[in-house]
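Subject: Structure for you to look at

Hello,

Here is the structure I promised. Please open it alongside the notes that follow.

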Amino acid sequence: MEKEKSGLDRRSFLDYFLGGGVVALIGSVFFPVLKYIMPPAIPQAVQNDVVAAKANELQPNAGKIFRFGNKPGILVRTPEGDYRAFSAVCTHLQCTVQYRDDFKHIWCACHNAHFDLNGRNIAGPPPRPLEEYRVEIRGEEVVVIRKA
Amino acid sequence: MSQEDNITNSHAEKAGFWRERFPLDAVAYFFKKKNVPMHRHSIWYYLGGMTLFFFIIQVGTGILLLLYYRPTAEAAFESVQFIMTKVQFGWLIRSIHSWSANLMVAAAMIHMFSVFLMKAYRKPREITWVSGVLLFFLTLGFGFSGYLLPWNTLAYFATKVGTEIVSVIPFIGHDLLVFLRGGEEVTGATLTRFFGIHVAVLPMLVTALLVLHLLLVQVQGMSVPPSQIEISARNKPMPFFPYFLLRDLLGWLVALGVLIALAALFPWELGEKADPFAPAPPGIKPEWYFLFMFQTLKYIPAKILFMDGEVLGILAFGLVGLFWLLIPFIDRRPEERRSSRWFTAFGWAAIAFIIVMSLIAYVIPQTF
(Lines give C-alpha, C1' and ligand atoms only; values in the text may rest on other atoms or scores of the structure.)
Protein backbone atom coordinates (compact mmCIF):
# COMPACT_ATOMS: atom_id res chain seq x y z
CA MET A 1 0.00 0.00 0.00
CA GLU A 2 1.22 3.45 -0.84
CA LYS A 3 2.04 5.63 2.14
CA GLU A 4 0.32 8.98 2.58
CA LYS A 5 2.56 11.80 1.49
CA SER A 6 1.11 14.47 3.71
CA GLY A 7 1.71 14.39 7.51
CA LEU A 8 -2.03 14.39 8.11
CA ASP A 9 -3.90 11.35 6.82
CA ARG A 10 -7.47 11.50 5.64
CA ARG A 11 -8.88 9.84 8.77
CA SER A 12 -7.33 12.29 11.24
CA PHE A 13 -8.23 15.20 9.00
CA LEU A 14 -11.88 14.11 9.12
CA ASP A 15 -11.66 13.53 12.88
CA TYR A 16 -10.34 17.05 13.48
CA PHE A 17 -12.83 18.47 11.04
CA LEU A 18 -15.81 16.76 12.71
CA GLY A 19 -14.50 17.33 16.22
CA GLY A 20 -13.93 21.00 15.50
CA GLY A 21 -17.44 21.24 14.09
CA VAL A 22 -18.96 19.69 17.20
CA VAL A 23 -16.98 22.03 19.46
CA ALA A 24 -18.06 25.02 17.37
CA LEU A 25 -21.69 23.87 17.51
CA ILE A 26 -21.63 23.41 21.30
CA GLY A 27 -19.86 26.75 21.66
CA SER A 28 -22.37 28.58 19.52
CA VAL A 29 -25.21 27.11 21.58
CA PHE A 30 -23.73 27.82 24.99
CA PHE A 31 -22.12 31.19 24.32
CA PRO A 32 -25.47 33.01 24.04
CA VAL A 33 -26.80 31.06 27.04
CA LEU A 34 -23.79 32.05 29.14
CA LYS A 35 -24.16 35.66 28.04
CA TYR A 36 -27.89 35.53 28.75
CA ILE A 37 -27.50 34.45 32.36
CA MET A 38 -25.13 37.32 33.11
CA PRO A 39 -27.47 40.22 33.83
CA PRO A 40 -27.00 43.43 31.85
CA ALA A 41 -25.41 46.30 33.78
CA ILE A 42 -28.03 48.88 34.65
CA PRO A 43 -26.47 52.35 34.67
CA GLN A 44 -26.93 54.17 37.97
CA ALA A 45 -26.86 57.92 38.18
CA VAL A 46 -23.97 58.65 40.51
CA GLN A 47 -25.22 60.65 43.43
CA ASN A 48 -22.54 62.73 45.11
CA ASP A 49 -24.48 64.32 47.93
CA VAL A 50 -27.61 63.57 49.86
CA VAL A 51 -29.58 65.06 52.74
CA ALA A 52 -28.98 62.44 55.42
CA ALA A 53 -30.96 64.00 58.27
CA LYS A 54 -32.53 67.13 59.65
CA ALA A 55 -30.20 69.18 61.84
CA ASN A 56 -32.01 68.45 65.09
CA GLU A 57 -32.89 64.87 64.26
CA LEU A 58 -29.91 63.10 65.80
CA GLN A 59 -29.00 63.38 69.47
CA PRO A 60 -25.32 63.03 70.46
CA ASN A 61 -24.24 59.39 70.74
CA ALA A 62 -26.66 58.14 68.08
CA GLY A 63 -26.54 56.93 64.50
CA LYS A 64 -28.84 56.69 61.53
CA ILE A 65 -28.86 54.74 58.28
CA PHE A 66 -29.59 56.79 55.17
CA ARG A 67 -29.89 56.02 51.47
CA PHE A 68 -26.92 57.07 49.40
CA GLY A 69 -27.76 56.14 45.83
CA ASN A 70 -28.53 52.44 45.96
CA LYS A 71 -26.34 51.75 49.01
CA PRO A 72 -26.85 52.45 52.69
CA GLY A 73 -24.75 55.07 54.46
CA ILE A 74 -24.46 55.70 58.18
CA LEU A 75 -24.57 59.13 59.81
CA VAL A 76 -23.17 59.20 63.34
CA ARG A 77 -23.39 61.97 65.89
CA THR A 78 -20.51 61.44 68.28
CA PRO A 79 -20.96 61.81 72.05
CA GLU A 80 -19.25 65.20 71.63
CA GLY A 81 -21.89 66.26 69.13
CA ASP A 82 -19.84 66.08 65.89
CA TYR A 83 -21.25 64.52 62.74
CA ARG A 84 -19.47 61.71 60.92
CA ALA A 85 -20.65 59.82 57.84
CA PHE A 86 -19.49 56.57 56.31
CA SER A 87 -20.61 53.91 53.93
CA ALA A 88 -22.75 51.51 56.02
CA VAL A 89 -21.54 48.54 54.01
CA CYS A 90 -19.17 46.49 56.16
CA THR A 91 -15.87 45.91 54.37
CA HIS A 92 -15.90 42.30 55.52
CA LEU A 93 -18.88 40.60 53.87
CA GLN A 94 -21.10 43.55 53.01
CA CYS A 95 -23.61 43.43 55.87
CA THR A 96 -25.06 46.75 56.99
CA VAL A 97 -23.38 48.21 60.08
CA GLN A 98 -25.06 50.13 62.92
CA TYR A 99 -24.10 52.62 65.61
CA ARG A 100 -23.97 51.10 69.10
CA ASP A 101 -24.51 53.76 71.76
CA ASP A 102 -23.23 51.35 74.44
CA PHE A 103 -19.90 50.85 72.61
CA LYS A 104 -19.84 54.44 71.36
CA HIS A 105 -18.69 53.18 68.00
CA ILE A 106 -19.86 51.40 64.85
CA TRP A 107 -20.57 47.68 64.88
CA CYS A 108 -21.60 45.00 62.41
CA ALA A 109 -23.90 42.27 63.71
CA CYS A 110 -23.06 39.66 61.11
CA HIS A 111 -19.51 38.76 62.17
CA ASN A 112 -18.90 41.07 65.14
CA ALA A 113 -16.87 43.74 63.39
CA HIS A 114 -16.01 46.99 65.18
CA PHE A 115 -15.14 50.35 63.61
CA ASP A 116 -14.13 53.45 65.51
CA LEU A 117 -15.58 56.91 64.87
CA ASN A 118 -13.04 57.49 62.12
CA GLY A 119 -14.30 54.39 60.33
CA ARG A 120 -11.16 52.42 61.14
CA ASN A 121 -11.54 48.66 61.57
CA ILE A 122 -10.47 48.16 65.19
CA ALA A 123 -11.66 44.62 65.93
CA GLY A 124 -13.12 41.60 64.21
CA PRO A 125 -12.62 40.35 60.67
CA PRO A 126 -12.93 43.40 58.36
CA PRO A 127 -9.82 43.99 56.27
CA ARG A 128 -10.35 47.71 55.51
CA PRO A 129 -11.84 50.85 57.11
CA LEU A 130 -15.30 52.04 56.10
CA GLU A 131 -15.43 54.51 53.23
CA GLU A 132 -15.69 57.99 54.77
CA TYR A 133 -17.91 60.82 53.55
CA ARG A 134 -17.79 64.56 54.20
CA VAL A 135 -20.56 66.12 56.30
CA GLU A 136 -21.84 69.66 55.90
CA ILE A 137 -24.55 71.40 57.86
CA ARG A 138 -26.59 73.54 55.48
CA GLY A 139 -29.13 75.43 57.54
CA GLU A 140 -31.62 72.83 58.78
CA GLU A 141 -30.11 69.95 56.82
CA VAL A 142 -27.21 67.58 57.38
CA VAL A 143 -25.73 66.93 53.95
CA VAL A 144 -23.38 64.04 53.25
CA ILE A 145 -20.96 64.43 50.36
CA ARG A 146 -18.90 61.77 48.63
CA LYS A 147 -15.22 62.59 48.79
CA ALA A 148 -13.61 63.19 45.43
CA MET B 1 -49.02 -30.07 36.58
CA SER B 2 -48.28 -29.35 40.22
CA GLN B 3 -50.30 -27.01 42.36
CA GLU B 4 -47.40 -24.57 42.52
CA ASP B 5 -47.27 -24.32 38.74
CA ASN B 6 -51.00 -23.59 38.67
CA ILE B 7 -50.60 -20.64 41.02
CA THR B 8 -47.70 -19.30 38.99
CA ASN B 9 -49.76 -19.59 35.81
CA SER B 10 -52.73 -17.69 37.22
CA HIS B 11 -50.35 -14.93 38.34
CA ALA B 12 -48.89 -14.95 34.88
CA GLU B 13 -52.31 -14.46 33.31
CA LYS B 14 -53.13 -11.55 35.56
CA ALA B 15 -49.78 -9.94 34.93
CA GLY B 16 -49.98 -10.78 31.23
CA PHE B 17 -50.88 -7.28 30.10
CA TRP B 18 -47.89 -5.72 31.78
CA ARG B 19 -45.62 -8.64 31.09
CA GLU B 20 -45.99 -8.09 27.37
CA ARG B 21 -45.20 -4.40 27.69
CA PHE B 22 -42.61 -4.25 30.45
CA PRO B 23 -39.94 -6.65 31.74
CA LEU B 24 -41.97 -7.26 34.89
CA ASP B 25 -40.31 -10.60 35.58
CA ALA B 26 -36.91 -8.98 35.77
CA VAL B 27 -38.18 -6.42 38.26
CA ALA B 28 -39.95 -9.07 40.34
CA TYR B 29 -36.84 -11.24 40.24
CA PHE B 30 -34.72 -8.32 41.31
CA PHE B 31 -36.91 -7.52 44.30
CA LYS B 32 -37.06 -11.16 45.30
CA LYS B 33 -33.28 -11.44 45.23
CA LYS B 34 -32.45 -8.09 46.86
CA ASN B 35 -30.95 -8.70 50.28
CA VAL B 36 -29.75 -6.48 53.07
CA PRO B 37 -26.66 -7.75 54.93
CA MET B 38 -27.11 -8.11 58.67
CA HIS B 39 -24.34 -7.04 61.03
CA ARG B 40 -23.60 -4.62 63.87
CA HIS B 41 -23.93 -1.51 61.69
CA SER B 42 -26.99 -2.51 59.65
CA ILE B 43 -29.02 0.27 61.29
CA TRP B 44 -27.23 2.86 59.15
CA TYR B 45 -28.75 1.36 56.00
CA TYR B 46 -32.00 3.18 56.84
CA LEU B 47 -30.62 6.72 56.62
CA GLY B 48 -30.50 6.98 52.82
CA GLY B 49 -34.15 6.00 52.56
CA MET B 50 -34.95 8.47 55.32
CA THR B 51 -33.32 11.27 53.32
CA LEU B 52 -35.36 10.20 50.31
CA PHE B 53 -38.53 10.36 52.41
CA PHE B 54 -37.87 13.96 53.43
CA PHE B 55 -37.04 14.79 49.82
CA ILE B 56 -40.43 13.43 48.71
CA ILE B 57 -42.11 15.57 51.40
CA GLN B 58 -40.19 18.58 50.04
CA VAL B 59 -41.39 17.97 46.50
CA GLY B 60 -45.02 17.64 47.64
CA THR B 61 -45.12 20.63 49.98
CA GLY B 62 -42.99 22.66 47.56
CA ILE B 63 -45.54 22.18 44.79
CA LEU B 64 -48.31 23.22 47.20
CA LEU B 65 -46.42 26.40 48.18
CA LEU B 66 -45.98 27.24 44.50
CA LEU B 67 -49.75 27.69 44.20
CA TYR B 68 -49.66 30.88 46.28
CA TYR B 69 -46.05 32.05 46.37
CA ARG B 70 -45.02 35.08 44.28
CA PRO B 71 -41.29 35.49 43.61
CA THR B 72 -40.84 39.26 43.56
CA ALA B 73 -39.34 41.66 46.10
CA GLU B 74 -42.68 43.48 46.34
CA ALA B 75 -44.89 40.45 46.82
CA ALA B 76 -42.80 37.56 48.17
CA PHE B 77 -43.03 38.42 51.85
CA GLU B 78 -46.73 39.25 51.59
CA SER B 79 -47.49 36.06 49.69
CA VAL B 80 -45.83 33.94 52.39
CA GLN B 81 -47.73 35.96 54.99
CA PHE B 82 -50.90 35.21 53.05
CA ILE B 83 -50.05 31.49 53.02
CA MET B 84 -49.45 31.56 56.77
CA THR B 85 -52.48 33.61 57.83
CA LYS B 86 -55.21 33.26 55.21
CA VAL B 87 -54.79 29.99 53.33
CA GLN B 88 -56.31 27.04 55.18
CA PHE B 89 -53.52 24.91 56.62
CA GLY B 90 -51.08 27.19 54.82
CA TRP B 91 -49.09 27.63 58.03
CA LEU B 92 -48.83 23.86 58.31
CA ILE B 93 -47.68 23.30 54.73
CA ARG B 94 -45.01 26.02 54.98
CA SER B 95 -43.92 24.85 58.41
CA ILE B 96 -43.58 21.27 57.18
CA HIS B 97 -41.59 22.45 54.16
CA SER B 98 -39.15 24.34 56.41
CA TRP B 99 -38.84 21.64 59.06
CA SER B 100 -38.53 18.85 56.52
CA ALA B 101 -35.77 20.80 54.79
CA ASN B 102 -33.82 20.84 58.03
CA LEU B 103 -34.50 17.20 58.80
CA MET B 104 -33.50 16.29 55.26
CA VAL B 105 -30.16 18.04 55.63
CA ALA B 106 -29.67 16.27 58.97
CA ALA B 107 -30.58 12.86 57.54
CA ALA B 108 -28.34 13.40 54.51
CA MET B 109 -25.48 14.44 56.78
CA ILE B 110 -25.81 11.37 59.01
CA HIS B 111 -26.17 9.16 55.94
CA MET B 112 -23.05 10.66 54.39
CA PHE B 113 -20.88 10.36 57.48
CA SER B 114 -22.04 6.81 58.21
CA VAL B 115 -21.22 5.84 54.62
CA PHE B 116 -17.84 7.49 55.05
CA LEU B 117 -17.00 5.70 58.30
CA MET B 118 -18.20 2.35 56.96
CA LYS B 119 -16.00 2.93 53.91
CA ALA B 120 -18.85 2.18 51.55
CA TYR B 121 -17.15 4.44 49.00
CA ARG B 122 -14.54 1.83 48.10
CA LYS B 123 -14.32 0.19 44.72
CA PRO B 124 -16.61 -0.25 42.78
CA ARG B 125 -18.78 2.36 44.54
CA GLU B 126 -16.74 5.46 43.68
CA ILE B 127 -19.45 6.96 41.49
CA THR B 128 -22.12 6.23 44.10
CA TRP B 129 -20.07 8.25 46.61
CA VAL B 130 -19.37 11.10 44.19
CA SER B 131 -23.04 11.34 43.17
CA GLY B 132 -24.01 11.22 46.84
CA VAL B 133 -21.66 14.05 47.85
CA LEU B 134 -22.89 16.11 44.90
CA LEU B 135 -26.46 15.42 46.04
CA PHE B 136 -25.49 16.67 49.49
CA PHE B 137 -24.02 19.87 48.05
CA LEU B 138 -27.19 20.36 46.01
CA THR B 139 -29.21 19.85 49.21
CA LEU B 140 -27.26 22.68 50.81
CA GLY B 141 -27.94 24.68 47.64
CA PHE B 142 -31.65 24.04 48.14
CA GLY B 143 -31.34 25.25 51.72
CA PHE B 144 -29.47 28.38 50.72
CA SER B 145 -31.69 29.32 47.75
CA GLY B 146 -34.91 28.51 49.59
CA TYR B 147 -33.93 30.56 52.63
CA LEU B 148 -34.17 33.83 50.66
CA LEU B 149 -37.60 33.18 49.19
CA PRO B 150 -39.72 34.57 52.10
CA TRP B 151 -37.72 37.81 51.65
CA ASN B 152 -37.27 38.55 55.35
CA THR B 153 -34.44 40.43 57.05
CA LEU B 154 -32.46 37.37 58.14
CA ALA B 155 -32.69 35.84 54.68
CA TYR B 156 -31.66 39.11 53.06
CA PHE B 157 -28.42 39.35 55.02
CA ALA B 158 -27.73 35.62 54.84
CA THR B 159 -27.93 35.89 51.07
CA LYS B 160 -25.80 39.00 51.02
CA VAL B 161 -23.06 37.30 53.04
CA GLY B 162 -23.39 33.95 51.26
CA THR B 163 -23.11 35.41 47.79
CA GLU B 164 -20.29 37.70 48.93
CA ILE B 165 -18.39 34.59 50.04
CA VAL B 166 -18.58 33.27 46.48
CA SER B 167 -16.83 36.40 45.22
CA VAL B 168 -13.53 35.42 46.89
CA ILE B 169 -13.06 32.54 44.43
CA PRO B 170 -10.06 33.54 42.30
CA PHE B 171 -10.66 34.83 38.75
CA ILE B 172 -14.36 34.00 38.36
CA GLY B 173 -15.57 35.11 41.81
CA HIS B 174 -17.03 38.45 40.80
CA ASP B 175 -18.77 37.01 37.74
CA LEU B 176 -20.26 34.29 39.93
CA LEU B 177 -21.51 36.91 42.38
CA VAL B 178 -23.18 38.89 39.58
CA PHE B 179 -24.62 35.67 38.17
CA LEU B 180 -26.09 34.65 41.53
CA ARG B 181 -27.39 38.09 42.48
CA GLY B 182 -28.59 39.04 39.02
CA GLY B 183 -26.65 42.26 39.44
CA GLU B 184 -24.19 43.85 41.83
CA GLU B 185 -26.57 43.96 44.80
CA VAL B 186 -29.08 41.63 46.45
CA THR B 187 -32.36 42.84 44.96
CA GLY B 188 -35.62 41.55 43.57
CA ALA B 189 -33.57 40.21 40.66
CA THR B 190 -31.72 37.98 43.13
CA LEU B 191 -35.01 36.72 44.55
CA THR B 192 -36.38 35.83 41.12
CA ARG B 193 -33.12 34.09 40.24
CA PHE B 194 -33.02 32.09 43.47
CA PHE B 195 -36.62 31.11 42.88
CA GLY B 196 -35.76 29.75 39.45
CA ILE B 197 -32.76 27.92 40.85
CA HIS B 198 -34.78 26.54 43.78
CA VAL B 199 -37.79 25.26 41.84
CA ALA B 200 -36.34 24.38 38.43
CA VAL B 201 -32.55 24.09 38.18
CA LEU B 202 -31.82 22.25 41.42
CA PRO B 203 -34.79 19.85 41.19
CA MET B 204 -33.69 18.89 37.68
CA LEU B 205 -30.09 18.27 38.74
CA VAL B 206 -31.12 16.42 41.90
CA THR B 207 -33.54 14.19 40.02
CA ALA B 208 -30.89 13.19 37.51
CA LEU B 209 -28.27 12.50 40.18
CA LEU B 210 -30.77 10.75 42.44
CA VAL B 211 -31.73 8.33 39.66
CA LEU B 212 -28.05 7.57 39.09
CA HIS B 213 -27.36 7.24 42.82
CA LEU B 214 -30.29 4.89 43.51
CA LEU B 215 -29.65 2.87 40.36
CA LEU B 216 -26.03 2.32 41.37
CA VAL B 217 -27.08 1.24 44.86
CA GLN B 218 -29.50 -1.28 43.33
CA VAL B 219 -26.99 -2.60 40.82
CA GLN B 220 -24.15 -2.94 43.32
CA GLY B 221 -26.15 -3.95 46.36
CA MET B 222 -25.42 -2.87 49.89
CA SER B 223 -21.81 -2.42 50.91
CA VAL B 224 -20.63 -4.38 53.94
CA PRO B 225 -18.07 -2.47 56.03
CA PRO B 226 -14.67 -4.20 56.06
CA SER B 227 -14.90 -4.77 59.82
CA GLN B 228 -18.25 -6.55 59.47
CA ILE B 229 -17.53 -8.89 56.57
CA GLU B 230 -17.10 -11.97 58.78
CA ILE B 231 -20.11 -11.23 60.96
CA SER B 232 -22.18 -10.50 57.90
CA ALA B 233 -21.12 -13.80 56.32
CA ARG B 234 -22.29 -15.69 59.42
CA ASN B 235 -25.64 -13.89 59.64
CA LYS B 236 -28.56 -14.54 57.35
CA PRO B 237 -29.23 -11.46 55.22
CA MET B 238 -32.67 -9.86 55.43
CA PRO B 239 -34.75 -10.06 52.25
CA PHE B 240 -35.42 -6.47 51.18
CA PHE B 241 -38.95 -7.28 50.12
CA PRO B 242 -40.99 -7.18 52.25
CA TYR B 243 -39.04 -7.27 55.52
CA PHE B 244 -36.55 -4.43 55.12
CA LEU B 245 -39.06 -2.31 53.20
CA LEU B 246 -41.60 -2.67 56.02
CA ARG B 247 -38.99 -1.49 58.53
CA ASP B 248 -38.18 1.38 56.17
CA LEU B 249 -41.86 2.31 56.09
CA LEU B 250 -42.08 2.15 59.87
CA GLY B 251 -39.13 4.52 60.06
CA TRP B 252 -40.84 6.87 57.62
CA LEU B 253 -44.01 6.78 59.72
CA VAL B 254 -42.03 7.77 62.81
CA ALA B 255 -40.28 10.50 60.82
CA LEU B 256 -43.64 11.79 59.62
CA GLY B 257 -44.85 11.90 63.22
CA VAL B 258 -41.78 13.83 64.37
CA LEU B 259 -42.08 16.17 61.40
CA ILE B 260 -45.77 16.94 61.99
CA ALA B 261 -45.16 17.43 65.72
CA LEU B 262 -42.31 19.89 65.07
CA ALA B 263 -44.27 21.75 62.39
CA ALA B 264 -47.37 22.03 64.58
CA LEU B 265 -45.68 22.84 67.88
CA PHE B 266 -42.99 25.13 66.52
CA PRO B 267 -44.42 26.75 63.38
CA TRP B 268 -41.68 28.27 61.27
CA GLU B 269 -41.48 32.01 61.83
CA LEU B 270 -41.64 34.53 59.05
CA GLY B 271 -39.80 37.42 60.73
CA GLU B 272 -39.77 40.92 59.31
CA LYS B 273 -39.80 41.96 55.71
CA ALA B 274 -36.35 42.60 54.27
CA ASP B 275 -35.29 46.24 54.24
CA PRO B 276 -32.08 46.85 52.28
CA PHE B 277 -31.66 50.08 54.23
CA ALA B 278 -31.74 48.67 57.73
CA PRO B 279 -28.73 47.47 59.72
CA ALA B 280 -28.15 43.76 60.10
CA PRO B 281 -30.04 42.67 63.24
CA PRO B 282 -27.99 41.67 66.32
CA GLY B 283 -27.72 37.94 66.90
CA ILE B 284 -27.95 37.18 63.19
CA LYS B 285 -26.55 33.81 62.24
CA PRO B 286 -26.96 31.32 59.42
CA GLU B 287 -28.97 28.12 59.41
CA TRP B 288 -27.49 25.45 61.67
CA TYR B 289 -25.86 23.52 58.83
CA PHE B 290 -23.74 26.53 57.88
CA LEU B 291 -22.96 27.50 61.49
CA PHE B 292 -19.67 25.65 61.75
CA MET B 293 -18.28 27.48 58.73
CA PHE B 294 -19.61 30.79 60.04
CA GLN B 295 -17.99 30.23 63.43
CA THR B 296 -14.68 29.12 61.90
CA LEU B 297 -14.51 32.23 59.71
CA LYS B 298 -14.94 34.34 62.83
CA TYR B 299 -11.71 32.93 64.28
CA ILE B 300 -9.58 33.59 61.24
CA PRO B 301 -7.68 36.87 61.62
CA ALA B 302 -8.36 39.70 59.17
CA LYS B 303 -4.97 39.28 57.53
CA ILE B 304 -2.73 36.25 57.14
CA LEU B 305 0.53 37.32 55.53
CA PHE B 306 -0.59 39.30 52.49
CA MET B 307 -4.02 37.70 52.03
CA ASP B 308 -7.39 38.46 53.57
CA GLY B 309 -8.02 35.81 56.24
CA GLU B 310 -11.53 35.32 54.94
CA VAL B 311 -10.29 34.41 51.49
CA LEU B 312 -7.91 31.80 52.89
CA GLY B 313 -10.63 30.32 55.10
CA ILE B 314 -13.14 30.04 52.30
CA LEU B 315 -10.59 28.55 49.90
CA ALA B 316 -9.64 26.03 52.59
CA PHE B 317 -13.29 24.98 52.94
CA GLY B 318 -13.48 24.66 49.18
CA LEU B 319 -10.43 22.39 49.14
CA VAL B 320 -11.79 20.22 51.96
CA GLY B 321 -15.04 19.91 49.97
CA LEU B 322 -13.10 18.78 46.91
CA PHE B 323 -11.07 16.32 48.99
CA TRP B 324 -14.33 14.95 50.42
CA LEU B 325 -15.78 14.51 46.92
CA LEU B 326 -12.71 12.62 45.68
CA ILE B 327 -12.24 10.42 48.77
CA PRO B 328 -12.72 7.11 46.89
CA PHE B 329 -9.86 7.99 44.58
CA ILE B 330 -7.57 9.06 47.41
CA ASP B 331 -8.21 6.39 50.03
CA ARG B 332 -7.34 3.15 48.25
CA ARG B 333 -6.46 1.16 51.33
CA PRO B 334 -9.76 -0.43 52.36
CA GLU B 335 -10.29 -2.06 48.97
CA GLU B 336 -6.90 -3.71 49.39
CA ARG B 337 -8.23 -5.00 52.73
CA ARG B 338 -5.84 -2.77 54.64
CA SER B 339 -7.01 -0.42 57.33
CA SER B 340 -7.15 3.28 56.47
CA ARG B 341 -7.06 4.59 60.00
CA TRP B 342 -6.07 8.11 58.95
CA PHE B 343 -9.21 8.48 56.90
CA THR B 344 -11.38 7.14 59.71
CA ALA B 345 -9.69 9.61 62.04
CA PHE B 346 -10.32 12.38 59.52
CA GLY B 347 -14.03 11.48 59.43
CA TRP B 348 -14.35 11.58 63.22
CA ALA B 349 -12.33 14.79 63.39
CA ALA B 350 -14.66 16.41 60.84
CA ILE B 351 -17.71 15.33 62.85
CA ALA B 352 -16.18 16.61 66.10
CA PHE B 353 -15.19 19.89 64.43
CA ILE B 354 -18.69 20.47 63.05
CA ILE B 355 -20.36 19.67 66.39
CA VAL B 356 -17.97 21.76 68.52
CA MET B 357 -18.04 24.80 66.21
CA SER B 358 -21.84 24.68 65.95
CA LEU B 359 -22.20 24.40 69.73
CA ILE B 360 -19.88 27.37 70.28
CA ALA B 361 -21.92 29.42 67.82
CA TYR B 362 -25.04 28.60 69.80
CA VAL B 363 -23.65 29.05 73.29
CA ILE B 364 -21.54 32.19 72.94
CA PRO B 365 -23.73 35.30 72.76
CA GLN B 366 -23.41 37.19 69.50
CA THR B 367 -23.43 40.69 70.94
CA PHE B 368 -20.16 40.71 72.83
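Start with charge on chain B. Its 29 positive and 23 negative charges have mean positions 9 Å apart. Lys and Arg count as positive, Asp and Glu as negative, with His and the chain ends left out. Each charge is placed at NZ of Lys, CZ of Arg, CG of Asp or CD of Glu.

Some ground rules. This is a predicted model: local features need pLDDT of at least 70, side-chain atom pairs pLDDT 80 or more, while totals for chains, interfaces and linings use all residues. Residues are numbered from 1 along each chain as written, chains are lettered from A and ligands numbered from 1 in written order, and side-chain values use heavy atoms, without hydrogens or water.

Chain B has 16 helices and 4 strands (DSSP runs: H or I of at least four residues, E of at least two, numbered from the N terminus). Of its 368 residues, 45% are buried (under 20% relative accessible area, 1.4 Å probe, protein chains only). Its C-alpha atoms fill a box of roughly 85 × 55 × 40 Å along the principal axes.

Now the cores. A nonpolar core joins buried Ala, Val, Leu, Ile, Met, Phe, Trp, Tyr and Cys through side-chain atoms within 4.5 Å. The largest has 42 residues; A:Ile74, A:Val97, A:Ile106, A:Cys110 and B:Trp151 touch the most other members. Elements giving two or more residues include strand E3 (71-77) of chain A and helix H8 (153-166) of chain B. H8(B) gives the largest share, 5 residues. Another core, of 25 residues, lies apart and includes B:Leu140 and B:Met357.

Best wishes

Methods:
Buried < 20%, exposed > 50% of the residue type's maximum accessible area, 1.4 Å probe, protein only.
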